[in-house]
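Thanks for coming, everyone. Please take a look at the model on the screen.

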Amino acid sequence: MAAEQTPLRRFWSEFAESKLALLGLAVLVVVMVIAVAAPLLAPQNPYDLSQLDIMDGKLAPGEQSAAGKTHLLGTDDQGRDMLSGIFYGLRISLGVGLVSTVFALGIGLTLGMVAAYFGGWADTLIMRIVDIQLSFPAILIALILLAVFGQGVDKVVIALVTVQWAYYARTVRASALVERQKEYVEAATVLALSKPRIVFRHMLPNCLPPLIVVATVQVAHAISLEATLSFLGLGMPVTEPSLGLLISNGFTYLMSGKYWISFYPGVALLVTIMAINLVADQLRDVLNPRLKK
Amino acid sequence: MLAYFLRRLSQSALVLLAMSLIVFLGVYAIGNPIDLLVNPQADEVERVRATVALGLDKPLYVQYWTFLKGAVTGDLGRSFVFGVPALDLILSKMPATLELALFAMVLAVFIGIPLGLVAGLKPDSMVGRGIMAFSIVGFSLPTFWVGLILIMFFAVQLGWLPSNGRGDTVLLFGVPVSFLTVDGLSHLFLPAVNLALFKLSLLIRLTRAQVREAVLQDYVKFARAKGLSPSRVIGVHILKNIMIPIVTVIGLEFGSVIAFAIVTESIFAWPGTGKLLIDSINQLDRPVIVAYLMVIVTLFIAINFVVDMVYSLLDPRVRLGQAAGAGH
Amino acid sequence: MSDGTKPVLQVENLQTHFFTKAGVVKAVDGVSFSVERGQVMGLVGESGSGKSMTGYSLMGLVDAPGRIVDGHIWLNGVDVTRHDNADWRTLRGNRVAMIFQDPMMTLNPVLRIDTQMMEAITAHHHVSRQEALKRCRAALAQVGIASPDERLQAYPHQFSGGMRQRVAIAIALLNKPDVIIADEPTTALDVTIQGQILFEMQKLCRESGTALIWITHDLSVVAGLADKIAVMYAGKIVEAGSVADVLDRPMHPYTSGLLGSVPSSNVRGKPLRQIRGMTPSLLAIGSGCAFRDRCDDRAAACEAMPTFDVSAPHAARCHFPRLP
């Protein structure tokens with residue numbers, strides 16, 4: 001009675017078994033829409049100095065400004081609308097997280113496959129570096145890089161990429177090693193297909209499932225790491241305020257009860273990261289062959 | 001076993017050497033070492049004098065040798081801000097950081113593993129799902145934000161616990177510790193919980209995953225077929241198997257806890273090495289940064305080495321080696 | 001013997017079903033047989049025939065989403081079918097024991113052999129450590145393991161596959177059970193060891209009067225070992241009888257197909273005979289004879305499930321059984 005499902009449809013139906021994961025996915029879609037369309041959706045451009053009036057500073061959520069506009073989430077000390085700030089902040093946080101993940105994925109994937117396929121000294125060298133790097137916590141490496149090289153968006157991305165590529169390399173290499181033993185690789189080699197072709201067109205698709213899971217989790221890590229670095233004052237510059245920087249701005253006002261300057265950006269950050277993790281969790285369960293009975 | 005021990009020891013020494021080279025190159029070759037090692041307030045005359053005194057005009061390999069000699073004897077420069085040897089400064093702050101890290105780790109282990117066990121044994125129950133949901137939340141929350149919330153709630157709103165600094169200390173084996181005083185505990189509590197939350201969630205998830213895989217194994221079926229009680233199957237058979245990878249992870253994560261302490265210490269103004277590092281970065285006290293790096297790298301390499309050894313002792317398959325064909 | 005005429009194990013119309021998202025899988029669909037004290041029964045079938053699930057049902061080890069839906073199991077005259085877990089635990093490893101297929105994974109790799117043996121005893125009897133060790137040594141000697149004290153201190157990975165399986169057998173024998181269920185215990189071992197273990201198990205069961213159910217897909221294994229054979233297909237028993245009857249005068253086309261496809265009974269140089277078609281998925285059998293799509297003697301009557309006469313000494317579930 002069970003109809004023959006295409007792998008994609010079966011994947012989706014298994015994924016959809018978790019209501020939480022679906023919720024996460026929905027939230028994620030909303031967050032991405034906000035991030036992409038922030039200039040259109042935000043009630044105010046918080047970085048357009050002409051629109052700001054410092055007299056509107058530190059308004060509580062729901063209060064009205066002198067010009068009669070209601071600030072749903074209040075304003076910060078400069079009079080910037082929190083809601084708008086959060087929209088723009090999401091854009092930057094998400095943007096930095098995704099860009100760094102993509103670059104790290106590219107580097108890590110290539111190096112991991114090279115290591116697995118060619119073996120020998122290339123493998124040993126690459127994996128030694130990976131091992132050493134992975135034995136140090138990401139935050140430490142990122143901190144030191146930024147302390148030495150200074151601040152700036154590009155430096156933050158470089159730090160994030162440096163911290164992440166090793167995970168991908170290790171994951172890809174592990175899968176590729178398994179795949180290399182399989183017969184289709186032998187067959188392709190016998191057919192004298194070129195090495196890069198074997199690696200990228202034949203082995204790679206089979207190595208993807210664990211990679212997808214790792215990449216998804218890593219986006220969340222990258223976003224979280226960037227937020228932490230910005231909070232410590234070593235991340236994004238003031239001109240490109242990510243959510244971490246917004247939270248940092250509001251920290252000093254926490255003690256005097258003006259919690260919303262820190263709190264709401266924090267909630268936005270939290271919701272984004274949780275949504276990604278929910279999706280990643282379900283992806284992992286669905287794609288894990290060892291849990292299939 | 002001895003051969004393995006010696007091999008790992010020499011490997012660790014090599015990694016340490018390599019790291020020292022990387023740090024050295026980063027400071028002396030890539031960065032401007034004069035900026036790093038000479039007080040930025042110094043004037044031109046001072047800088048020239050310092051350049052010669054520090055040997056910065058000599059070839060790079062000579063400088064590296066000087067650097068190494070200094071590292072081994074414990075001379076890693078002087079702090080600009082405090083004027084004391086950088087290494088001494090860092091070591092004086094270590095007890096505070098270690099105390100925080102250990103407390104957090106203990107919390108994470110003794111709460112995380114039992115919860116993970118329950119979640120793994122009953123994955124579809126209300127309790128199981130609740131624990132997993134909690135672990136996702138704990139895992140996703142950035143440490144600094146949790147710290148903020150803790151302060152907001154417990155210190156500002158409720159006023160139960162202090163939000164910064166370290167409490168009163170007493171000397172334990174010559175090392176100042178604060179958990180033995182009530183005041184110390186009250187100051188330790190919030191930062192430790194903050195630091196523990198992420199690791200706790202990690203341990204819950206790890207334990208759960210291990211348990212879920214373990215119950216599918218044949219030896220569990222066989223144990224049940226012998227008529228063993230569930231508590232024995234779980235408490236002895238499953239637990240002993242999963243403890244090996246879990247202990248390894250705990251060991252490795254300890255290093256990570258010390259690193260994450262940087263954030264917690266900054267938020268709670270806990271006077272440990274992490275806060276020192278951030279302050280030093282902000283104040284451009286670069287000798288301290290370099291010294292911190294070397295200490296942490298050494299610590300990490302040591303932790304990795306110890307964990308490797310402990311793992312090979314715990315797993316009888318590694319400890320006793322494979323003895324194939326030991327009779328039919 | 002007081003229960004001289006009563007079989008030690010009796011199974012009547014056992015139904016073990018699995019309630020999956022794709023539908024109800026009738027892994028064991030109306031199985032009935034009995035085993036006398038000291039008798040060896042071979043339960044033969046291919047993967048998916050339900051033979052292993054029958055074995056698990058006899059131990060109460062059927063896990064969700066499966067459960068015993070109908071039928072009865074009498075162990076020593078006691079109906080154990082509806083026992084709850086606590087009751088089953090008093091029986092498992094005690095009155096009915098099981099040996100599994102892969103000796104590599106059935107013994108816990110991080111526990112010593114003596115731990116794993118003694119716990120099987122202490123779970124059911126209050127004996128001192130000395131006494132328990134004594135019994136372990138005796139059991140190891142029974143299965144032909146020399147220098148038992150050394151072996152007891154060791155870990156499973158230090159043994160070869162054959163040795164580990166002997167330890168598993170020793171554990172099964174520790175509490176002198178009435179029935180041992182062996183689920184393909186020699187499939188993972190090489191052929192010479194297989195022969196040894198088969199012989200030793202036969203001897204042990206005869207000596208101790210323990211009934212043995214040997215589950216396998218390999219007919220040649222049970223040929224020399226069993227007293228009687230039951231052949232399973234798609235969750236049902238399709239033929240049962242004494243070993244001589246079933247192997248020399250098979251009645252069911254599946255049994256004769258199996259016997260015919262054994263390489264040694266084929267003529268050299270000619271293609272190997274096979275049963276055409278494939279095992280049906282247990283979700284898609286329908287109501288007629290499960291074998292009909294692969295049977296050369298198929299007729300209209302085969303759209304109805306044939307009956308099986310449990311009381312006959314040699315019977316087959318077929319409308320047109322081959323008669324001698």
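First, ground rules. This is a predicted model, where local features need pLDDT of at least 70, side-chain atom pairs count only at pLDDT 80 or more, and totals for chains, interfaces and linings use all residues. Residues are numbered from 1 along each chain as its sequence is written, while chains are lettered from A and ligands numbered from 1 in the order in which they are written.

Start with chains A and B. Chain A brings 34 residues to their contact, and chain B brings 33. Contact means C-beta atoms, placed from the backbone, within 7 Å. On the side of chain B that touches chain A, the elements giving two or more residues include α1 (2-30), α8 (182-214) and α12 (286-314) of chain B. Helices here are DSSP runs of H or I, at least four residues; strands are runs of E, at least two.

Next, the core. The largest nonpolar core has 250 residues. Such a core joins buried Ala, Val, Leu, Ile, Met, Phe, Trp, Tyr and Cys residues through C-beta atoms within 7 Å. Buried means 20 or more other C-beta atoms within 10 Å of a residue's own. Helix α4 (residues 82-118) of chain A gives the largest share, 18 residues. B:Leu100 is among those with the most contacts inside the core. Beyond four places in sequence, B:Leu100 touches B:Leu188, B:Trp270 and B:Gly272, among others.

Last, chain C. Its open sheet runs β2-β1-β4-β5, with antiparallel pairing. Pairing takes at least two DSSP bridges. Strands β4 (residues 66-75) and β5 of chain C share two bridges. C:Leu75 has C:Val78 as its bridge partner in β5(C).

Technical notes
Contact = placed C-beta atoms within 7 Å. Buried ≥ 20, exposed ≤ 12 C-beta atoms within 10 Å, placed from the backbone.
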